Amino acid sequence: MHANQLLTPAPLVDNPLRWAETDRPEPGPGQILMEVVACGVCRSNLHMIEGDWVDGGVPAISPIVPGHEVTGRVAALGEGVTEFAVGDPVGVQPLWWTCEECEFCTTGREQLCHQRIITGEHVDGGYGQFMLAHAAHTYAVPEALDLVEAAPLFCPGITAYGAVDKLDVGPGSVVAVFGLGGVGHMAVQMAVLTGAEVVAVGRTQAHLDVALELGAARSVDSTDPDAMAAIAGTADAVLTFAGSDAVTAQALQTLKWGGTLVNGVPIKLDEFHFNTGQTIKGSLLGNRDQMRTVLQLAAEGKIRTVVERFSMEQAEQALERLAAGSLRSRAVLVNEHE
Ligand SMILES: [Zn+2]
Ligand SMILES: [Zn+2]
């Protein structure tokens with residue numbers, strides 16, 4: 001098999017990935033060998049590849065195959081795996097394994113498991129032709145879904161669903177979404193499903209246009225001070241998926257007193273006033289039940305992804321486009337035979 005391997009993290013200009021021949025892994029007990037059809041390209045892949053997370057111990061192995069929003073078909077089953085059959089369409093999200101025993105795993109918050117193993121960061125991920133998965137964290141992909149278009153459901157989809165699920169909003173509420181990349185586009189749709197009026201806020205016209213196509217009631221150009229002033233204090237909830245201090249400040253300005261900000265990226269706050277009664281909640285992915293709900297929503301046609309296809313060997317080109325901000329939506333790497 002071939003895969004995009006990262007040997008040493010380095011800036012993209014130094015071509016840190018190599019399309020290498022490697023041994024096809026054998027599934028151990030409880031594991032599945034997946035023939036990868038598609039893998040979404042996440043900004044967190046870029047962080048790892050360029051070495052931003054080396055101090056935090058990521059990547060945990062070398063070489064490593066990045067990629068954590070993966071779809072494919074079951075190619076082989078390890079001992080004891082009975083819930084899947086060879087040929088089944090399946091997907092894997094960033095949570096590759098969790099302990100199933102800790103306080104988080106036993107209360108439906110396994111994404112917070114301190115022993116969690118992350119796909120493509122601690123073990124090889126989906127930027128290749130085959131990948132190992134754990135049956136307990138492998139999902140059946142409904143037949144109605146195209147495996148390439150389904151790939152981003154496994155990171156942007158679950159991230160957006162997990163964030164919106166933390167809100168108490170519905171008809172009559174206003175939800176503003178900041179950061180209209182792969183996750184933001186999914187969050188717009190999840191927020192629309194609650195019945196809330198959704199305001200998409202961003203600086204890229206193409207992203208704002210997609211948000212309107214996906215059901216946002218209004219779009220606001222974040223570089224227009226008058227337009228931003230007009231929405232100050234109007235949102236019952238704000239979601240932010242853009243990791244810049246300027247965007248965080250705009251998101252807080254847009255939030256009503258008593259409202260809730262959910263962040264799916266790290267944010268920095270100079271000051272946070274208690275007397276506005278506002279709440280900030282961090283949100284990471286979602287649990288397995290939520291992931292299955294996301295797949296169901298997509299199968300019912302209630303949400304959809306917007307993807308730009310690249311061949312699996314073009315991983316670096318896709319990452320360069322992501323770094324340059326020139327993708328309309330989610331880049332997805334696709335193995336040739338598809
Ligand atoms: Zn991701
Ligand atoms: Zn655990």
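Visitor: How many helices and strands does the protein have?
Guide: What you see here is a predicted model. Going through the protein, you'll count both kinds of element, and the tally is 9 helices and 17 strands.

Visitor: What radius of gyration does the protein have, next to that of a compact globule?
Guide: Start with the box: the C-alpha atoms fill roughly 55 × 45 × 35 Å along the principal axes. For 338 residues, a compact globule would come out near 20 Å, so the protein agrees with that, at 20 Å.

Visitor: What share of the residues is buried?
Guide: Buried here means under 20% relative accessible area. Of the 338 residues, the buried share is 54%.

Visitor: Among contacts between residues at least 6 apart in sequence, what share joins residues at least 24 apart?
Guide: Take the contacts in the protein between residues at least 6 apart, then keep those that join residues at least 24 apart. That leaves you with 64%.

Visitor: Which residues coordinate the zinc ion (ligand 1)?
Guide: The donors follow the spacing C-x25-H-x86-C along the chain. The donor atoms are SG, NE2 and SG, at 2.0 to 2.2 Å from the zinc ion, and they belong to C42, H68 and C155.

Visitor: How many residues apart in sequence are the parts that C42 and H68 tie together?
Guide: C42 counts as buried, at 9% relative accessibility, and so does H68, at 3%. C42 sits in the loop between strand 3 (31–40) and helix 1 (43–49), while H68 sits in the loop between helix 1 and strand 4 (70–77), so the parts tied together are 26 residues apart.

Visitor: Is the aromatic pair in this structure stacked, edge-to-face or tilted?
Guide: A search of the whole structure turns up 1 aromatic pair. The rings of Y139 and F154 have centres 6.0 Å apart and planes at 50°. Under 30 degrees would be stacked and over 60 edge-to-face, so this pair is tilted.

Visitor: Where do Y139 and F154 lie, and are they buried or exposed?
Guide: Y139 belongs to strand 9 (residues 138–140) and F154 to the loop between helix 2 (147–150) and helix 3 (156–164), so the pair ties together parts 15 residues apart in sequence. As for cover, both Y139 and F154 are buried.

Visitor: Which residue lies over the face of F130?
Guide: Look at the ring centre of F130 and go 4.1 Å from there. What lies over the face is R24.

Visitor: Is T22 buried, partly exposed or exposed?
Guide: T22 is in the loop between strand 2 (17–21) and strand 3, where it touches M1, H2, A3 and Q5, leaving out residues up to four places away in sequence. Its relative accessible area is 22%, so T22 is partly exposed.

Visitor: And Q111, is that one buried or exposed?
Guide: Q111 sits in the loop between strand 6 (95–97) and strand 7 (117–118). Beyond its neighbours within four places, its contacts include L95, R116 and L284. At 8% relative accessibility, Q111 counts as buried.

Visitor: Which residues is A150 in contact with, leaving aside neighbours within four places in sequence?
Guide: A150 is in helix 2 and counts as buried, at 1% relative accessibility. With those neighbours set aside, the contacts of A150 are T71, V141 and L145.

Technical notes: Residues numbered from 1 in each chain as written. Chains lettered and ligands numbered in written order. Predicted model: local features only at pLDDT ≥ 70, side-chain atom pairs only at ≥ 80, totals over all residues. Heavy atoms only, no water. Phe/Tyr/Trp six-rings, centres within 6.5 Å; stacked < 30°, edge-to-face > 60°. Helix = DSSP H or I, 4+ residues; strand = E, 2+ residues; numbered from the N terminus. Buried < 20%, exposed > 50% of the residue type's maximum accessible area, 1.4 Å probe, protein only. Lys NZ or Arg CZ within 6 Å of the ring centre and 35° of its normal. Donors = N, O, S within 2.8 Å, 3.2 Å for Na, K, Ca; no water. Rg over C-alpha atoms; globule rule 2.2 N^0.38 Å. Contact = heavy atoms within 4.5 Å.
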